[in-house]
Amino acid sequence: MIKNINNIDCVIPAAGLSSRMRCWKLTLPYKDNTILEQSITNALSFCTRVILVVGHRENELIEQFQHNKSITIVRNQHYRTGMFSSLQLGIDEVETEFFYISHGDMPCIEKETYKTLWEHRVIGTLFPGKLHATGHPVLIHTTSFKVQRDQGNFDSMKSILKQGEVAYLGLSDPTIHLDVDTPEAYQRLLKLTLS
C-alpha cells in the first residue's frame, strides 16, 4: 500500500557474502565512513528513507543502524539464494509512489544523480545509464512494478522490469557503474577518492 506520495524510499540490499571481495566489503573504509555508510548517506541526501536488507552478519548492521529513524531494516533469512530475494523483501516494504534501488557497495552516487532521475521519472522504470550498461540507482514506479511482478513467476529483477515501460537517461557519470565487488575495484575507488 502506498502511504507517502511526496516522499521516496530507496531499497539497498546489504545481505550478501562479498565472496569475490575475499573480505566483507561493506565495512571497508571509504572517506570518513565505511562503504555502506557512505552509500546510505548518499541515498538519504535525496530520499526520505532507506530500506536496508540485511542477511550475512546481520546483527552487526542491525546494531549499527537500528536507531536511525530514516532506515528501516529488513532481515533476509534466505540471502544465500542471491540478491533477488533481498530486493523482493525490500520492495515489499516500500510505501512511496516511486522508489529507488541502489547498492550498499556503490558509495560514489551523488545526490544530483538521484535528483536527475527524479526529474525524468516515468510510469515504469528509469535507469541512469544505457541499455547494455544500465547503472544504479534505478527509479521505479511502485504500482506498475507490483502489477508486473504479480503477472508471473520471475527469477530476476530485470525480467520483471522489462515487462513494463523502461527508459534510459544515458548519463555518462562513471559512478553509476562503480560498485566495489573485487579488491581491484576497491583500489580503484580509493584512487578516485584521492584524485
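**Entry 1: burial and terms**

I take buried to mean under 20% relative accessible area, exposed over 50%, and partly exposed in between (1.4 Å probe, protein chains only). The model is predicted, so I note that local features need pLDDT of at least 70, side-chain atom pairs count only at pLDDT 80 or more, and totals for chains, interfaces and linings use all residues. Residues are numbered from 1 along each chain as its sequence is written, and side-chain values use heavy atoms, with hydrogens and water left out. Helices (H or I, at least four residues) and strands (E, at least two) are DSSP runs, numbered from the N terminus.

**Entry 2: helix α5**

I looked up which residues of α5 are buried. They are T142, S144, F145, K146, Q148 and R149. That makes six of the eight residues of α5, and I put the helix down as mostly covered. I then looked up what these buried residues pack against, and found α3, β6, β8 (138-141) and α6 (157-161). Contact here means heavy atoms within 4.5 Å.

**Entry 3: aromatic pairs**

I went on to the rings. Rings of Phe, Tyr and Trp (its six-membered ring) pair if their centres lie within 6.5 Å; planes under 30 degrees apart count as stacked, over 60 as edge-to-face and the rest as tilted. The structure holds five such aromatic pairs.

One of them is F99 with F145, an edge-to-face pair with 6.0 Å from centre to centre and 85 degrees between the planes. F99 lies in strand β6 (residues 98-101) and F145 in helix α5 (residues 142-149), so this pair ties together parts that are 46 residues apart in sequence. I found both F99 and F145 buried.

Next I looked up Y100 and Y114. Their ring centres are 5.0 Å apart and their planes stand at 80 degrees, so this pair is edge-to-face. Y100 lies in strand β6 and Y114 in helix α4 (residues 111-119), so the pair ties together parts that are 14 residues apart in sequence. Y100 and Y114 are both buried. I also noted that ring pairs link F46, Y100 and Y114 into a cluster.

From Y100 to I73 I read 16 Å in space, C-alpha to C-alpha, and 27 residues in sequence.

**Entry 4: helices α1 and α2**

Two packed helices are described by the angle between their axes and the distance between the axes. How do the axes of α1 and α2 cross, and within what distance do they come? The axes of helix α1 (residues 35-44) and helix α2 (residues 58-65) come within 13 Å and cross at roughly 50 degrees. Axes are lines fitted to C-alpha atoms, for helices over the stretch in contact, and angles run from 0 to 180 degrees between N-to-C directions. I therefore call α1 and α2 oblique to each other. Angles under 35 degrees count as roughly parallel, over 145 as roughly antiparallel, 65 to 115 as roughly perpendicular and the rest as oblique.

On the α1 side the contact is made by L36, E37 and I40, and on the α2 side by L61, Q64 and F65. I sorted these residues into four nonpolar, one polar and one charged. For this, Ala, Val, Leu, Ile, Met, Phe, Trp, Tyr, Cys and Pro count as nonpolar, Asp, Glu, Lys and Arg as charged, and the others, Gly among them, as polar.

I also checked how covered α1 is: seven of its 10 residues are buried, so α1 is mostly covered. The buried ones are I35, L36, Q38, S39, I40, N42 and A43.

**Entry 5: S85**

I looked up S85, which lies in helix α3 (residues 83-92). Buried or exposed? S85 is buried, with a relative accessible area of 16%. Leaving aside its neighbours within four places in sequence, S85 is in contact with N76, H78 and Y79. S85 and T41 stand 24 Å apart in space, C-alpha to C-alpha, and 44 residues apart in sequence.

**Entry 6: backbone exceptions**

Most residues other than glycine have a negative phi, and most peptide bonds are trans. I looked for exceptions.

- H136 and P137 are joined by a cis peptide bond, with omega about 5 degrees. I place P137 in the loop between β7 (125-127) and β8.
- K31 is not a glycine, yet its phi is positive, about 55 degrees. K31 sits in the loop between β2 (29-30) and β3 (33-34).
- R57, also a residue other than glycine, has a positive phi near 55 degrees. R57 lies in the loop between β4 (49-54) and α2, and I read its relative accessible area as 36%, so R57 is partly exposed.
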